[in-house]
Amino acid sequence: MQAYTSNENATIKNETALVLGGGGTRGFAHIGVIRALEEAGIDFDFVIGTSVGAFVGAMYAAGVLAKDMKRYADELDIRDIHNRFWVSPNNPIKIANILESRVGRQNIEDLVKRFVCVATDIKEGRQHIMEHGDLGSAVAASCCVPLAFRPVVRGGFHLVDGGLLNNIPSDVAKMLGAKKVVAVDINPTRGGGTESLKTFEVLKATLSIISSHSSTKGLLQSDLIIEPDLSLYKPTNKDGYINMIRIGYEATMEKVEDIKQLLAKQ
C-alpha cells in the first residue's frame, strides 16, 4: 500500500509521538488517557490520529486540556454528529463544525503541537495523510464512516474513515520521523462478526473485521501500547462515557512509569 502525504519529502523531526486509534464513541477513553498524561507531566512532540483519535488528537494538539474535553463530552449530543437516519448518509460538515466550535477554525500547521491525521482516499483505495491545511475538513475526513457519512472532498481527493486502512497509525508516525511511539488502542473487540442480517449490524461487523486487519501493522510499530478494556461499551453511542473516560485514565496510569522510561531512553 502506497501512502500519500501532502509533501512526500517532508518528515517530522520530533522524536516522540502519541498515536490515538479509532473506535467510535469508545474514543471518550482518549480523554482519560490525556488527563493521566497531564497529571504525570508527560508530553509528546506530536500527535497522530485516526477517526475519533483524530478528533480528540486535534483538540490535544490545539492545547485543549482534558478537563475541558470532559466538559465538551458532557455537552455533546450524538445526534449533533449523526441524526440516526440511515437511509441517506449524513453531511460530515457536522463533525468539522463541532470541532471548530471547540478550537476555532485553524490550519493543521498552526496548532500548538504537530498534528497528523489519516483518512482513506476512496477513489484510489490509498491511505491519505494530512499534515497541512484546514483542520476541520481533515478531521471530518478521518472520521467519515462510509454510508454513515458522505465522503469529504478535499484537495481533489474523496476521503473516508482512515480506519479502513490504518486504524492505529503508529507506522505513519515512524515514517514521519518518530523514534518513540506510544499508541492507544480503544477497540479491544475488533474482528467480531454478527448473526444478524440487518443492514446496520452487517455494516458494523464489516467495519469491525476491516479494523482488525488495519490495526495490526500499527500495533507492531508501537513501542508501548495503552489498551483500555472497553469491551462492555458500544462504539456507536454515548452510554457509559464517564466510565470510558475513567477506564482510559486508569489504563494510562498503570503505564505511566513505563512511558516515562521509554521517553527517557537515548
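Rings of Phe, Tyr and Trp (the six-membered ring of the latter) are taken to pair if their centres lie within 6.5 Å, with planes under 30 degrees apart counted as stacked, over 60 as edge-to-face and the rest as tilted. The model is predicted, so local features need pLDDT of at least 70 and side-chain atom pairs count only at pLDDT 80 or more, while totals for chains, interfaces and linings use all residues. Residues are numbered from 1 along each chain as its sequence is written, and side-chain values use heavy atoms, with hydrogens and water left out.

The structure holds one aromatic pair. Phe28 and Tyr241 form this pair, which is tilted, at 5.4 Å centre to centre and 50 degrees between the planes. Phe28 lies in helix H1 (residues 28–40) and Tyr241 in helix H8 (residues 241–253), so the pair ties together parts that are 213 residues apart in sequence. Helices (H or I, at least four residues) are DSSP runs, numbered from the N terminus. Phe28 is buried at a relative accessible area of 8%, and Tyr241 is buried at 16%; buried means under 20% relative accessible area (1.4 Å probe, protein chains only).

A charge sits over a ring if NZ of Lys or CZ of Arg is within 6 Å of the ring centre and within 35 degrees of the ring normal. The charged end of Lys238 is placed over the ring of Tyr241, 4.5 Å from its centre. Arg35 lies over the face of Tyr249, 3.9 Å from the ring centre.

In helix H2 (residues 52–61), 10 of the 10 residues are buried, so the helix is largely enclosed by the rest of the structure. The buried residues of H2 include Phe55, Met59 and Tyr60.

Note on methods:
Helix = DSSP H or I, 4+ residues; strand = E, 2+ residues; numbered from the N terminus. Buried < 20%, exposed > 50% of the residue type's maximum accessible area, 1.4 Å probe, protein only.
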